[in-house]
Amino acid sequence: MSKRWSLALASAMITLSVAACGSPGQPGAAADNGTAAGGGTSSGPYKVGLVYSKSGPLASYGQQYRQGLTAGIDYATKGTGAVAGHQIQITEQDDAGDPAKAVASATDLIGQGNKIIAGSTASGVALQVAPLAKDNKVLFISGPAAADAVTGANRYTFRSGRQTYQDVATAGTMLGDVKGKKVTVLAQDSAFGKANVAAVTAVLGAKGASVSAVEVPAAATDLTPFATKIKSAAPDLLFVAWAGENATAMWTTLGQQGVFDATKVVTGLDIKATHALFGPVATKIDFLSHFFEGAADNAAYQALDAGLKKQGASVDLFTNDGFVAGQMIVHALEAGGNDVDKMVTSLEGWKFEGPKGSLEIRAEDHALLQPMFTATLKKEGSNEVPQLVKTLDPAAVAPPVTPFK
């Protein structure tokens, strides 16, 4: 999977083994076994294992998550990096997006006494780590991984980001009532493309839309026939799921063949670095969005923004997921200490304010109910800047309940 994507579902796919370092009070800092915040005596750190994409195909996503996590823990602990006098000690492991490495890393971290495992940039990783959480009775908080199957995986597994259903449901809101509407998915003929076709069929098809697909061979260089086919079919909505080096060529071809004049074209808004890849048609696309700079404005968002600036970074797609994970970790430790079952209970049904707005962890399956956004891109100088169109209420895109396995 390339770092460039054309659908928020792409983050569903991917997470290293380097100990972190940092200043006291920050994630990755060495444990302070002397005096804790406020002058009290610490009885040892709370140990948190972090398994994520520090390298590999989604390293840029992993970096954003990690930066957000630092800001989130700082916010939730009021700058102390500690809970009840116990410093939060984070040990990082990099699996580079390889599920086997992730399992080995998580197993090692659990063996070292880490009661919380966080991270998972990729879905393939999250789905392999989740069973370990249940088997070893540790709290697992998955990050950007979007696979729906993470929700309801087991009682010890949670998520700090959105899931695929919420992405697709957000796209569907751009048609209003989708019953009887024609939806076409443009995707490559690959596992990634087929997964997107299946997701749109499952979500929008179940709501009464007629879903078809135009699947393009990965080696195709002439994309005109596919664009022509889409224009002739005149779907009410074209859902683009594209992950490849020829993304700009694909978008340019859709524009040249007049597809934007015949149908509403929707795709996922990726990280800032990819916005220029949409080319001349950037301002004609309707975007579903999980999060972007300027999408919201509340105390948590302002703390995220300030915390990222301290790190020389800025708000982007997956910084929210890290920040929310930090909030969840601190809340769980405040309620349960090292008692994992108490941590789990404290998170179930918890309602809190994240950078996106009001969030709720659904007790029945640990789905993270959250606002989603629609957006457009506006040309500002040499940059393409996201513009908020609509904020969707969490209930409008809530996935169906998935009973624990």
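## Helices α2 and α3

Helix α2 passes α3 in a right-handed crossing, where right-handed means that the near helix is turned clockwise from the far one by less than a right angle, and left-handed anticlockwise. This is a predicted model, in which local features need pLDDT of at least 70 and side-chain atom pairs count only at pLDDT 80 or more, while totals for chains, interfaces and linings use all residues. Residues are numbered from 1 along each chain as its sequence is written, and side-chain values use heavy atoms, with hydrogens and water left out.

Helix α2 covers residues 99–111 and α3 residues 123–136; they pack at an angle of about 30°, and their axes are 8 Å apart. Helices (H or I, at least four residues) and strands (E, at least two) are DSSP runs numbered from the N terminus. Axes are lines fitted to C-alpha atoms, for helices over the stretch in contact, and angles run from 0 to 180 degrees between N-to-C directions. The two helices α2 and α3 are therefore roughly parallel, given that angles under 35 degrees count as roughly parallel, over 145 as roughly antiparallel, 65 to 115 as roughly perpendicular and the rest as oblique. On the α2 side, Pro99, Ala102, Val103, Ala106, Thr107 and Ile110 meet Gly124, Val125, Gln128, Val129, Leu132 and Asn136 of α3, contact being heavy atoms within 4.5 Å. By class, the α2 and α3 contact residues are eight nonpolar, four polar and no charged; Ala, Val, Leu, Ile, Met, Phe, Trp, Tyr, Cys and Pro count as nonpolar, Asp, Glu, Lys and Arg as charged, and the others, Gly among them, as polar.

## Helices α1 and α9

Helix α1 (residues 59–76) packs with α9 (residues 299–310) at an angle of about 120°, the axes being 9 Å apart. The pair α1 and α9 is therefore oblique, and α1 passes α9 in a right-handed crossing.

From α1, Gln67, Gly68, Ala71, Asp74 and Tyr75 meet Ala299, Ala300, Ala303, Leu304, Gly307, Leu308 and Lys310 of α9. This contact has seven nonpolar, three polar and two charged residues.

## Helices α10 and α11

The axes of α10 (residues 319–336) and α11 (residues 340–347) come within 8 Å and cross at roughly 120°. Helices α10 and α11 are therefore oblique to each other, and their crossing is right-handed.

Met328, His331, Ala332, Leu333, Ala335 and Gly336 of α10 make the contact with Lys342, Met343, Ser346 and Leu347 of α11. The residues of this contact divide into six nonpolar, three polar and one charged.

## Largest cavity

The largest cavity holds about 60 Å³ of space. A cavity is a set of points on a 1 Å grid over the protein atoms alone where a 1.4 Å probe fits but cannot get out, and lining residues have an atom within 4 Å of a point. Grid points are joined across faces, edges and corners, and the volume is the space filled by probe spheres set on the points.

The lining consists of Leu186, Val216, Leu223, Phe226, Ala227, Trp242, Met250, Thr253 and Leu254. Helices α6 (224–233) and α7 (247–256) are the elements that give two or more residues to this lining, and α7 gives the most, with three residues. By class, the lining has eight nonpolar residues, one polar and no charged.

## Positive phi in loops

Most residues other than glycine have a negative phi. Lysine 137 has a positive phi, near 55°, and lies in the loop between α3 and β5 (139–142). Histidine 366 also has a positive phi, near 70°; histidine 366 is in the loop between β13 (357–361) and β14 (368–369).

Note on methods: On a 1 Å grid over the protein atoms alone, a cavity is a set of points where a 1.4 Å probe fits but cannot get out, and a pocket is an open set with protein on both sides within 12 Å along at least five of seven lines; lining residues have an atom within 4 Å of a point.
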